[in-house]
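Please examine the sequence and the structure shown below before reading on.

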Amino acid sequence: MVTALAMLVGAEVGGVAFVRDYVEVHFDGPVLRALSAPILEIDGTEVRFPSEGSRDRLCLLIGRTVLAAREDAESLVLDFGGSVRLRVPLVAGELVTEAAHLVPASEGRPDVANMVVWESIP
């Protein structure tokens, strides 16, 4: 099944932004906004935002290329190879009604009209 996440395969992370209680991963155009607490798997460990050290670890994604992207029943998953993986949980609690947004780019600008929204699973 091809999903909107497929547009990120082959894209390089250009930046990671921390906006109050969520994280944006920028891909030189498209932006993946993780409104539920993203989990980074790297070096055999998991770290969940906003735990201590998670910001520094998430910044390790900068310069890495997405090799595979998928959506399963519980999360969005970006695979960067070498056992580096970013998961955005779709099962969320605590008033989170939307788990993630993917804002595509058109002619170098955010294309908000075609934004994809993943609702939280209660």
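The paragraphs that follow treat the sheets and then some individual residues.

The model under discussion is predicted.

Consider an open sheet of 5 strands, arranged in the order E1-E2-E3-E9-E12 with antiparallel pairing. Strand E1 (15–19) and strand E12 stand at its edges, and each has a single partner strand, so one side of each is left without a neighbour in the sheet. From one strand to the next, the twist averages 15°.

The pairings can be followed across this sheet. Strand E1 is joined to strand E2 (residues 22–26) by 5 bridges, and the two run antiparallel. Within this pair, Ala-17 stands opposite Glu-24 in E2. Further along, strand E3 (residues 31–34) and strand E9 run antiparallel and are joined by 4 bridges. Here Val-31 has Val-103 in E9 as its bridge partner. Strand E9 is also joined to strand E12 (residues 116–119), again by 4 bridges and in antiparallel fashion. In this pairing, Leu-102 stands opposite Val-116 of E12.

Is strand E9 largely enclosed or left open by the rest of the structure? Of the 6 residues in strand E9 (residues 98–103), 5 are buried, so the strand is largely enclosed by the rest of the structure. For this step, a residue is called buried when its relative accessible area is under 20%.

Another open sheet is formed by 5 strands in the order E5-E4-E8-E7-E6, and its pairing is antiparallel. Its edge strands are E5 and E6 (68–71), each of which pairs on one side only. Neighbouring strands of this sheet are turned against each other by 15° on average, direction ignored. Strand E7 (residues 75–81) and strand E8 (residues 84–89) run antiparallel and are joined by 6 bridges. One of the residue pairs here is formed by Leu-78 and its bridge partner in E8, Leu-86. In a regular strand, the side chains alternate between the two faces of the sheet.

Attention now turns to the loops. Asp-43 is placed in the loop between strand E4 (39–42) and E5. Its phi is near 55°, a positive value in a residue other than glycine. Asp-43 is exposed, since its relative accessible area is 60%, and the cut-off for exposed residues is over 50%. Glu-107 is found in the loop between strand E10 (105–106) and strand E11 (109–110). Its phi is likewise near 55°, a positive value in a residue other than glycine. With a relative accessible area of 80%, Glu-107 is exposed.

What kind of peptide bond joins Phe-49 and Pro-50? The bond is cis, with omega at about 10°. Pro-50 lies in the loop between strand E5 (45–48) and helix H1 (54–59).

Ser-51 also lies in the loop between E5 and H1. This residue is partly exposed, with a relative accessible area of 33%. The side chain of Ser-51 reaches the backbone oxygen of Arg-48 at 2.6 Å. Ser-51 and Ala-37 are 14 residues apart in sequence, and their C-alpha atoms are 9.6 Å apart in space.

Notes. Residues are numbered from 1 along each chain as its sequence is written. This is a predicted model: local features need pLDDT of at least 70, side-chain atom pairs count only at pLDDT 80 or more; totals for chains, interfaces and linings use all residues. Side-chain values use heavy atoms; hydrogens and water are left out. Buried means under 20% relative accessible area, exposed over 50%, partly exposed in between (1.4 Å probe, protein chains only). Two strands pair if DSSP finds at least two bridges between them. Axes are lines fitted to C-alpha atoms, for helices over the stretch in contact, and angles run from 0 to 180 degrees between N-to-C directions. A polar contact is a pair of N or O atoms within 3.5 Å; within protein, one must be able to donate a hydrogen and the other to accept it, and residues adjacent in sequence count only if both atoms are side-chain atoms.
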